[in-house]
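The following exercises concern a predicted model. Please work through each task with the structure in view before reading its solution.

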Amino acid sequence: MNGTLDLHFDMAAMVIMVIILIMLSAKKNIPLRRSSVYITMCVVQVVVIICSMCLQTRLYMSDHTDKFCYMFSDLYFTLDYLCALLFMYYLVLLSGKSIRGNLKACIMFVLPFIAYAVLVVDNLIHHNLYTIVFGYGFVGTKQLGIISLVALYAMLFGICYAIRYIDAVSYGKLTAIAVGSVGVIVGIAIQYRMGGVFFINFVVAVAILLLYELAQNPSNILDVNTQVLNRNIMDELLKMDIEDKKSFDLIVLAMDDFKVVNKTYGIEMGDIMLRQVADYLSTVSKRGKVFRYGSDQFAVELRHEKRGKNAEEELRRALENIKERFRHPWIYEEESVHLSATTVCVNYPGDGDSLENLVEVLDYSVMYAKRQGRGSVVFTENVDLHAMRKEKAIEKAVEEAINNDTIEVHYQPIYNTEKQCYTSAEALVRMRDERLGNISPEIFIPIAERTGKIVRLGTIVFEKVCKFMHEQNIANSTIEYIEVNVSVVQCMREDFVDTILSIMDRYDIRPDQINLEITETAEISELNILQENVERLHSEGISFSLDDYGSGYSTLGYIHQFPFNIIKLDKLMVWDAFETERAGTTLKYTVGMIKELNMHIVAEGVETEQQQQRLSTLGCDYLQGWYYSKAVPPEKFAELIRKAG
Ligand code: C2E
Ligand code: CA
Ligand code: CA
């Protein structure tokens, strides 16, 4: 490689490097080994440029080459090629896949370091990499060609290694890094073939800048509001610890009812509170790393050299500190806010051998802890992980049933006491799994609600109902409408109304042929949307039933808030009425009250002759239960209404 020296390129390179160093020092750094390698690379490059500049100045100033010229040149070449090796190391670290345990890769990784060391030491003794030609610059020897090949090999190995373990790095980033590296390689090749002005330092500085933007920019890893590490980098860091078999505890802090804080004090104040919590958590443990785990959740990682008494003590102290802090209010200007957080602790390797498993256990434990009440602290020992696995299996079964289109809808006829025939029916979803057998909707619906799968599932059920009504020409039977259960999770979606109306439109179903059943629940987070959706569908002519009245959550408020046409008395309430006198009286007055409010009544769970007689006498408009029929498959139901008709 030949090159005449030119200060302009070096000066431009220096400006770029100074900018990078300023950016690096201005922000929190990524706490990863690759960051240290990156910073080392930057510093090495700065020294390389300084050497290059010193050499040129020296050559300009004197009229012969002296020992300083050789000193600067030696340092220059030594560090310049070191940069290529550091770049290889950087890419290996960026891949997220540890090289340890892979002997072949280890050898391929170490070889260039050995070759480099031999060539550099040899040069320091024999000065055989280059000769300085006064008034021109320097001329490379064969030896320089060899060390260049070593550098080229190192860069290519780094790129190939990163590509091989692509899943750890995002594809776009890697492509850009590969393009950048190829740019540097092409630059070196041009310099090598053509000589001319020495511009390689500039090319390398641009490549380092590119790397900063793509992989090292701290804003990519920091949460915008709280400035703690974000979820992406958390996953990357934990994966690395798991690769290195480093044990750690993970404390997850899930804020309780943070929506209420946002609603009461405003989003801006909510953000300030989260910032305060994040700042506080950063002080909980000197070595602990804090991450934003979810929108209102933080995680603190406590890494241990060894699992033992010290680790336990550190965890205990951290938890105690956190608990104590949350006893006191969080203060901003005149406002003082009491916050509460649910805490969950998991550890690696105890609770899972991969990040996916850990996160699974963590999310389930958070859900479990939330059910224990505000401010509870939960360790995985307290959590039924067997139930979690079962739940996961059911979640998978729901997904498979949706994808394989094996969801079925059965129909349970509803008896009209006035007309003395079936005038409606309830659609009930059915699911069968090869391994788990028949799964009750009572089990899989709540799981589908938690995982959000209920949205697709609900749409599928509704479509099947409409299709069935269309194909069986239900309008020509005694069945006036079909009752379809919808979850509030579905009803709270912005697109709910459009989904329902477009399906009905597709199958020519009139609004008065559909009745939607909703159950009162505590899980309503978007009451406005829910109310708006119900109002819109109601104004289209679709009627609504309040399901399971008299069980669990029912309050009268709900009846006033929504335009229900029908109240469905829960089967437990019905059964109780036949057990005790008090419950009988309650039922009697409940029926009276609902009639007064001009709504119709369905009594559920009618199993006996005696029940059906008394409920009719009491004034229930509709009766539903096994006394009449269980929920039956569509063909059977079609036959049943044909016969009844
Ligand atoms: P639900 O809406 O209260 O449905 C009535 C449940 O009581 C049904 O159970 C039905 O089979 C059962 N049942 C009816 N008559 C009798 C009787 O005389 N005696 C007894 N012991 N039970 C009777 P199923 O089908 O297991 O459904 C359970 C729950 O799952 C439903 O309760 C409903 O909350 C939910 N569900 C069912 N299908 C759907 C659906 O398509 N979407 C949604 N979101 N939820 C559904
Ligand atoms: Ca129902
Ligand atoms: Ca019910």
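**Exercise 1: Two helix pairs**

Classify the relative orientation of helices H1 and H7, and then that of H2 and H3.

Solution. Two packed helices are described by the angle between their axes and the distance between the axes.

Step 1: Treat the pair H1 (residues 7-26) and H7 (residues 200-216). Their axes come within 8 Å and cross at roughly 20 degrees. Angles under 35 degrees count as roughly parallel, and H1 and H7 are therefore roughly parallel to each other. The crossing of H1 past H7 is left-handed.

Step 2: Treat the pair H2 (residues 33-61) and H3 (residues 67-94). These helices pack at an angle of about 160 degrees, and their axes are 8 Å apart. Angles over 145 degrees count as roughly antiparallel, so H2 is roughly antiparallel to H3. The crossing of H2 and H3 is left-handed. The residues of the contact of H2 with H3 comprise 24 nonpolar, 4 polar and 4 charged.

**Exercise 2: The surroundings of ligand 1**

Describe the shell around ligand 1 by its residues and by the elements that supply them, and then list polar atom pairs involving the ligand.

Solution. Step 1: Count the residues. Ligand 1 is surrounded by 21 residues, of which the closest are Arg430, Asp547, Lys571, Glu607 and Trp626. By class, the shell holds 8 nonpolar, 5 polar and 8 charged residues.

Step 1: Assign the elements. At least two shell residues each come from strand S12 (421-433), helix H14 (441-451), strand S16 (543-549) and helix H20 (571-577). S12 provides the largest share, 4 residues.

Step 2: Inspect the polar pairs. A nitrogen atom of the ligand lies 3.0 Å from a side-chain N or O atom of glutamine 412. Oxygen atoms of the ligand are 3.1 Å from a side-chain N or O atom of glutamate 426 and 2.9 Å from a polar side-chain atom of arginine 430.

Step 3: Ligand 1 taken alone exposes 800 Å², and the protein buries 88% of that.

Conventions:
Residues numbered from 1 in each chain as written. Chains lettered and ligands numbered in written order. Predicted model: local features only at pLDDT ≥ 70, side-chain atom pairs only at ≥ 80, totals over all residues. Heavy atoms only, no water. Near = heavy atom within 4 Å. Polar contact = N/O pair within 3.5 Å; in protein donor to acceptor, adjacent residues only side chain to side chain. Areas by Shrake-Rupley, 256 points an atom, 1.4 Å probe, with all protein chains shown as cover. Nonpolar A, V, L, I, M, F, W, Y, C, P; charged D, E, K, R; others polar. Axes fitted to C-alpha atoms, helices over the stretch in contact; angles between N-to-C directions. Parallel < 35°, antiparallel > 145°, perpendicular 65-115°, else oblique. Left-handed = near helix turned anticlockwise from the far one by under 90°.
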